[in-house]
Amino acid sequence: MMPSRGYLLKTVTELAGLGPLKGDVAFGKFELESLAAVPIPIPGIEGDSGVSFTAGLRGGLLYPLTLGGQSAPSQSRINDRFQLGGPTDVRGFRLSGLGPREGQDALGGDVYAAGGASLLFPLPHLGKETPLRFQTFINAGRLLALKDKRQDKDQAMSSNDVQSSFAQAVNDLSNGLPSTAAGFGLVYAHPAARFEVNFSLPLVMRKGEEGRKGLSFGVGLSFL
């Protein structure tokens with residue numbers, strides 16, 4: 001819940017609509033997460049100081065495939081796409097506050113990248129043995145959807161159209177600064193879940209995205 005030493009590498013793969021999987025959608029969905037935690041020695045304190053630094057990266061892509069019986073791939077659906085923003089990934093933004101939107105509604109995206117770094121300190125008078133820490137953090141991320149570049153929208157999307165749109169979305173991840181927020185707060189590592197109360201300040205935010213300046217509360221098993 002609150003690692004102070006070690007490394008994590010996790011991958012998730014989802015395939016839909018291929019062979020016996022059938023269904024009414026077809027795609028390949030891949031996610032990769034990495035996390036590193038290192039203890040920070042403090043002069044004058046022997047052994048573990050209780051101060052640690054953690055940094056993590058996450059990325060994912062959703063690639064439309066051709067459904068059995070069809071000649072062309074179909075665009076992804078909103079319930080299959082990635083959502084980004086909230087107290088467990090890119091803090092300082094509302095839940096699903098990053099990425100494409102239509103009015104107040106989050107549409108999700110097909111390609112994303114996010115990262116974060118935190119410095120955790122034991123609270124004075126409580127000591128490093130308690131599961132309570134003060135943290136400072138910075139988070140950043142981008143979430144993009146594949147763009148339909150067809151001139152004739154009545155014509156079915158081809159595999160080349162999907163490939164071109166996907167390559168453009170991946171390239172756009174590094175186009176400009178990512179949406180970024182920084183802040184500080186308290187972390188409590190309960191055996192069942194991790195609890196955070198943070199004050200966040202969005203530093204970089206794109207038009208249409210929903211930041212969240214001020215206090216936020218998060219509960220989860222995996223934080224960025």
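**Rings, charges and strands in the predicted model**

The charged end of Lys29 sits over the ring of Phe82, 4.9 Å from the ring centre. The term applies where NZ of Lys or CZ of Arg is within 6 Å of the ring centre and within 35 degrees of the ring normal. Arg194 does likewise with Phe223, lying over the ring's face at 5.0 Å from the centre. This is a predicted model, so to speak of a local feature takes a pLDDT of at least 70, side-chain atom pairs count only at pLDDT 80 or more, and totals for chains, interfaces and linings use all residues. Residues are numbered from 1 along each chain as its sequence is written, and side-chain values use heavy atoms, with hydrogens and water left out.

Next come the rings. Rings of Phe, Tyr and Trp (for Trp, the six-membered ring) are taken as a pair if their centres lie within 6.5 Å; planes under 30 degrees apart make the pair stacked, over 60 edge-to-face, and the rest tilted. That gives 7 aromatic pairs. For Phe195 and Phe217 the centres are 6.4 Å apart and the planes stand at 35°, so this pair is tilted. The pair links distant parts of the chain, with Phe195 in strand β9 (residues 194-204) and Phe217 in strand β10 (residues 214-220), 22 residues apart. Strands here are DSSP runs of E with at least two residues, helices are runs of H or I with at least four, and both are numbered from the N terminus. On accessibility, buried means under 20% relative accessible area, exposed means over 50%, and partly exposed is in between (1.4 Å probe, protein chains only). Phe195 comes out as partly exposed at 30%, while Phe217 is exposed at 51%. Elsewhere, ring pairs join Phe121, Phe134, Phe184 and Phe199 into a cluster.

Then there are the salt bridges. Side chains of opposite charge can pair when their charged atoms come close. With a salt bridge taken as a side-chain nitrogen of Lys or Arg within 4 Å of a carboxyl oxygen of Asp or Glu, the count is 6. In one of them, Glu33 meets Lys10 at 3.5 Å, N to O. Glu33 belongs to strand β2 (residues 27-39) and Lys10 to strand β1 (residues 6-16), so the bridge ties together parts that are 23 residues apart in sequence. Glu33 is buried, with a relative accessible area of 9%, whereas Lys10 is partly exposed at 38%. Both also belong to a salt-bridge network that includes Arg58.

Asp24 pairs with Arg77 in another salt bridge, where the closest N and O atoms are 3.3 Å apart. This one runs from loop to loop: Asp24 is in the loop between β1 and β2, Arg77 is in the loop between β3 and β4, and the two are 53 residues apart. Arg77 is partly exposed, at 40% relative accessibility. Arg101 and Glu210 form a further salt bridge at 3.5 Å, N to O. Arg101 is in strand β4 and Glu210 in the loop between β9 and β10, so this bridge ties together parts 109 residues apart in sequence.

The loop between β3 and β4 also holds Leu67, which is buried at 11% relative accessibility. Leaving aside neighbours within four places in sequence, Leu67 is in contact (heavy atoms within 4.5 Å) with Gly17, Lys22, Gly23, Asp24, Val25 and Ala26. Val162 is 95 residues from Leu67 in sequence and 14 Å away in space, C-alpha to C-alpha.

Two loop residues have backbone angles worth a look. Ser96, which is not a glycine, has a positive phi of about 60°. Ser96 is found in the loop between β3 (52-64) and β4 (101-102) and is buried, at 17% relative accessibility. His125 also has a positive phi, near 75°, in a residue other than glycine. His125 lies in the loop between β6 (111-122) and β7 (132-144) and is exposed, at 86%.

Last, the strand pairing, for which DSSP must find at least two bridges between two strands. β7 pairs with strand β8 (residues 179-189) in the antiparallel sense over 10 bridges, and Arg133 stands opposite Val187 in β8. β8 in turn pairs with β9, antiparallel and over 10 bridges, with Gly185 opposite Asn198 in β9. β8 and β9 form a hairpin with 4 residues between them.
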